Amino acid sequence: MGAAAQDYRIDFESFHNVIDNGLTPTKKMRHAINPSTEEPLPPVPVSTQEDVDDAVRAAHEAYTAWRELSYEDRAGYLLRFADAIEANLDGLTDVLGKEAGKPVQAAGMEFFLTLGHLRETAKLRLPDEVVEDNDERSAVIRYTPLGVGVGIVPWNFPVLLGIGKLDAAVLTGNTFIWKPSPFSPYTSLKLGELAAKVFPPGVVQVLSGDEDLGPRLTAHPGVAKVSFTGSTATGRKVMQSCATTLKRFTLEMGGNDAAIVCEDVEIAKVIPKVAMLSFLHSGQICMDIKRLYVHEKIYDEFLAQLVSFVSNNFKTGGAGDKEAMLGPVQNSMQFAKVQDLYSEIGKQGWITALGGPVSPKNPQSNGTLPKKGFFMPPTIIDNPPDDSRIVVEEPFGPIIPVLKWSDEKDVIRRANDSKMGLGASVWSPDIERAQSIAKKLEAGSIWVNTHFELAPYMPFGGHKWSGIGMEWGIPGMKGWCNTQAMWTRKAL
Ligand code: NAD
């Protein structure tokens with residue numbers, strides 16, 4: 001065990017592409033920005049078309065032998081990969097915190113979920129399904145791997161979302177190229193280095209780059225499948241590009257999750273959960289609560305308790321802050337978008353129950369915000385109109401509208417009145433009623449008395465403009481496979 005831990009040791013100073021298990025330099029380098037300090041992070045590779053071609057070639061070469069391995073063997077590699085990650089947890093958590101703007105607790109949580117994902121997914125299997133078997137013939141449904149897979153990953157959960165693609169891809173017999181976001185490539189490159197210590201060459205590779213890299217991968221004729229997570233606008237481009245070579249694709253895109261709180265909840269019990277699930281990672285999670293519908297009978301009391309809970313419990317701070325719950329917005333582009341939305345508050349006359357834009361007129365909003373970094377104060381908007389930007393758009397920042405409802409049918413209509421359909425929840429001690437409301441919601445995940453609850457063995461994905469196909473669990477594994485019908489006549 002000691003020796004194995006030694007073998008898995010890596011440095012956290014330099015960052016390279018991982019192609020065919022080699023740490024591969026590129027002529028051009030770039031760097032991302034630490035959102036907690038606005039300081040530059042270390043140089044990272046900018047992959048060229050040649051790097052993409054090399055990686056796809058290596059992935060092809062690896063594929064033939066990899067697909068022949070048994071599920072047990074491939075699962076064994078995943079488990080050793082999890083061990084390699086665990087052996088480097090401190091360094092990895094530190095890098096993730098710095099690049100993603102995650103306070104220590106948040107970065108640690110992402111790795112906790114990541115290790116769980118690898119180890120639980122390693123237990124899953126896609127066996128042949130015998131549909132018919134008699135003296136004359138058998139009919140069997142099989143799931144065969146696709147070939148070279150690409151995972152395109154966003155910056156908000158750069159590790160877990162990448163691993164959730166990688167583990168299902170390689171477990172089902174595909175080889176895998178990981179493309180992190182240019183805003184958060186660092187931890188993924190280090191995971192690639194660890195993968196190179198565990199997997200045969202070409203099975204898991206990581207390429208970092210600029211905005212040209214994603215299109216190069218989705219257009220590459222040697223790639224069989226693209227699994228994309230990111231915005232709906234980019235997902236549409238990925239789908240168009242995949243069409244050219246008829247690649248398979250899975251799209252996990254934006255969300256605008258509604259939570260419906262019924263009048264019979266015990267407010268004090270629900271508040272900590274709803275508050276956490278609305279502000280987790282400063283609102284930068286696809287499945288954070290983004291529209292909070294509260295029954296009019298409890299609205300005032302609920303809003304007052306929510307404001308008090310958020311202001312008393314959620315400290316905002318940077319990557320090194322051990323007490324902080326909320327980190328910065330992850331990058332300058334997103335920061336500008338969120339600032340633009342905050343600037344609507346005054347223009348549209350939205351009522352702020354908490355927070356609001358930092359300005360001389362609203363100095364308390366500055367609260368304990370650090371002086372440098374892309375920080376925004378947690379903000380709650382009190383009952384804005386249904387057609388306002390804060391309700392219609394996905395803010396992806398620490399701001400949430402709370403909306404009043406009175407009629408059950410109407411609140412279901414309002415919750416469904418969105419192009420997005422990622423997740424939605426209903427909160428009530430009356431489970432039967434809550435389930436009946438939840439089943440009418442148009443979303444890939446529906447929850448009762450919880451939200452953003454996920455497990456590696458449950459599928460995860462969106463309806464409507466939030467997604468095509470599912471990831472994770474058995475449905476996720478099927479997404480990395482062709483379905484094959486096998487017929488055998490037992491006598492000639
Ligand atoms: P984004 O769409 O800007 O980028 C996502 C990834 O796509 C990045 O790696 C980026 O480099 C790459 N990319 C950009 N243009 C490309 C192109 N033309 N072809 C191929 N790849 C390209 O998204 P983001 O800003 O990184 O992430 C935020 C968005 O992601 C939000 O909308 C959020 O809701 C969504 N998201 C969805 C889920 C989900 O599971 N449904 C999870 C997390 C985030």
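Predicted model: local features only at pLDDT ≥ 70, side-chain atom pairs only at ≥ 80, totals over all residues.
**Entry 1, the main core.** I started with the nonpolar cores. The largest one holds 90 residues. I listed its members with the most contacts inside it: F81, I85, L191, F199, L292, F302 and I380. Next I looked up where this core gets its residues. Domain 1 (4-253 + 466-487) and domain 2 (257-455) each give at least three residues to it.

Two of the names here, L191 and F199, I had already noted among the residues with the most contacts inside the largest core.

Then I turned to the ligand. I found 28 residues surrounding it, and the closest are V153, S231, T234, M253 and E394. Which elements supply at least two shell residues each? They are α8 (213-219), β10 (225-229) and α9 (232-244). The largest share, 3 residues, comes from α9.

I checked the side chains next. S231 places a polar side-chain atom 2.7 Å from a ligand oxygen. For T234, a polar side-chain atom is also 2.7 Å from an oxygen atom of the ligand. In E394, a side-chain N or O atom lies 2.7 Å from a ligand oxygen. Last, I looked up the cover: on its own the ligand has 850 Å² of accessible area, and the protein covers 88% of that.

Key. Residues numbered from 1 in each chain as written. Heavy atoms only, no water. Core = buried A, V, L, I, M, F, W, Y, C linked by side-chain atoms within 4.5 Å. Buried < 20%, exposed > 50% of the residue type's maximum accessible area, 1.4 Å probe, protein only. Domains from an automatic or database assignment. Near = heavy atom within 4 Å. Polar contact = N/O pair within 3.5 Å; in protein donor to acceptor, adjacent residues only side chain to side chain. Areas by Shrake-Rupley, 256 points an atom, 1.4 Å probe, with all protein chains shown as cover. Helix = DSSP H or I, 4+ residues; strand = E, 2+ residues; numbered from the N terminus.
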